[in-house]
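Hello,

Here is the structure I promised to pass on to you. Please open it and keep it beside you while you read my notes below.

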Amino acid sequence: MEQIRKPFQGVWNIVRFNWHFYLLSVGFVCLLLLLMWIQPAFYVPLLIACLGLLTINVISLAVSWYVYDLSGLYQFKWLNASSGYQRIVNINAGFDESTAILCRRFPKAEMRVLDFYDPLKHTEVSIRRARKAYPAYPGTEQINTIKLDLEDHSTDKIFLILSAHEIREEQERILFFKELNRVLHPDGEVFIVEHLRDLPNFLAYNLGFFHFHSRPTWLKTFEHAELAIQEEVKLTPFISTFILVKNGDTL
């Protein structure tokens, strides 16, 4: 079977979509080295600052390599795939690395791919670069987060893999999850795969962890949308998968 993901694909994507941050870090390191040469009296603190900055970048890339390339995140081992017919929706925010893999996991499923990317709302340069590097999966449909063009109770499984956090505004996020509830079959499941704004991700990504939502934020969203956590899977300390169902009490 042809390998869909290449070695180091995950960490390489991090670098090429966010190269401006790493270029800025290199420039700052060069500035510190210059200051060490100009002001030898401050050699030790400048050296510590230089090593600290390098360490932050190395840790971030090492964790990204572990999460996206070594952990089996995109093998979906936590997912109980069925060989029978199912109606599946995979929703992304303009960057889709998962649909081709899900199609192999569910070969008999009816797969719809939805993209809620809005260039007026999602202005991150990394997403624009990712969209250029990875064309949309064939048949991908552009959607609005407030109203999904899907019938009530029409979907067996809904996937949002590292995409739901791009909905930054709380009320929009709640309305979106209410839409997921509306289109979800009574026996269906929603799979939310996300980094969390927590200590492990702070240690890994420093201030970058502010781009993620906290666990209480997600729980509030699920509660307002009347979705319950059936199971929470921690594939790594840095990634959480929430498996949601209709109604019930959240954990």
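Y134 has a relative accessibility of 22%, so this residue counts as partly exposed, since buried would need a value under 20%. F95 is partly exposed too, because its relative accessibility is 26%. Please keep in mind that this is a predicted model.

These two residues belong together. The ring centres of F95 and Y134 lie 5.2 Å apart with their planes at 65°, so the pair is edge-to-face. Distant parts of the chain are linked in this way: F95 sits in the loop between β1 and α4, and Y134 in the loop between α5 and β3, 39 residues apart.

Another edge-to-face pair is made by Y205 and F212, with 6.1 Å from centre to centre and 80° between the planes. Buried or exposed, what are Y205 and F212? Both are buried. The count of aromatic pairs comes to 17, and one aromatic cluster is formed by F116, F176, F177, W218, F222 and F242.

Now for the open space. The largest pocket holds about 1,400 Å³. Its lining has 43 residues, and F212 turns up again here: together with I14, N18, S126 and H211, it lies nearest the centre of the pocket. The elements giving two or more residues to this lining are α1, α2, α3, β1 and α5. Which of them gives the most? That is α3, with six residues. By type, the lining divides into 21 nonpolar, 18 polar and four charged residues.

Enjoy exploring, and write back with any questions!

Best wishes

Key. Residues are numbered from 1 along each chain as its sequence is written. This is a predicted model: local features need pLDDT of at least 70, side-chain atom pairs count only at pLDDT 80 or more; totals for chains, interfaces and linings use all residues. Side-chain values use heavy atoms; hydrogens and water are left out. On a 1 Å grid over the protein atoms alone, a cavity is a set of points where a 1.4 Å probe fits but cannot get out, and a pocket is an open set with protein on both sides within 12 Å along at least five of seven lines; lining residues have an atom within 4 Å of a point. Grid points are joined across faces, edges and corners, and a volume is the space filled by probe spheres set on the points. Helices (H or I, at least four residues) and strands (E, at least two) are DSSP runs, numbered from the N terminus. Ala, Val, Leu, Ile, Met, Phe, Trp, Tyr, Cys and Pro count as nonpolar, Asp, Glu, Lys and Arg as charged, and the others, Gly among them, as polar. Rings of Phe, Tyr and Trp (its six-membered ring) pair if their centres lie within 6.5 Å; planes under 30 degrees apart count as stacked, over 60 as edge-to-face and the rest as tilted. Buried means under 20% relative accessible area, exposed over 50%, partly exposed in between (1.4 Å probe, protein chains only).
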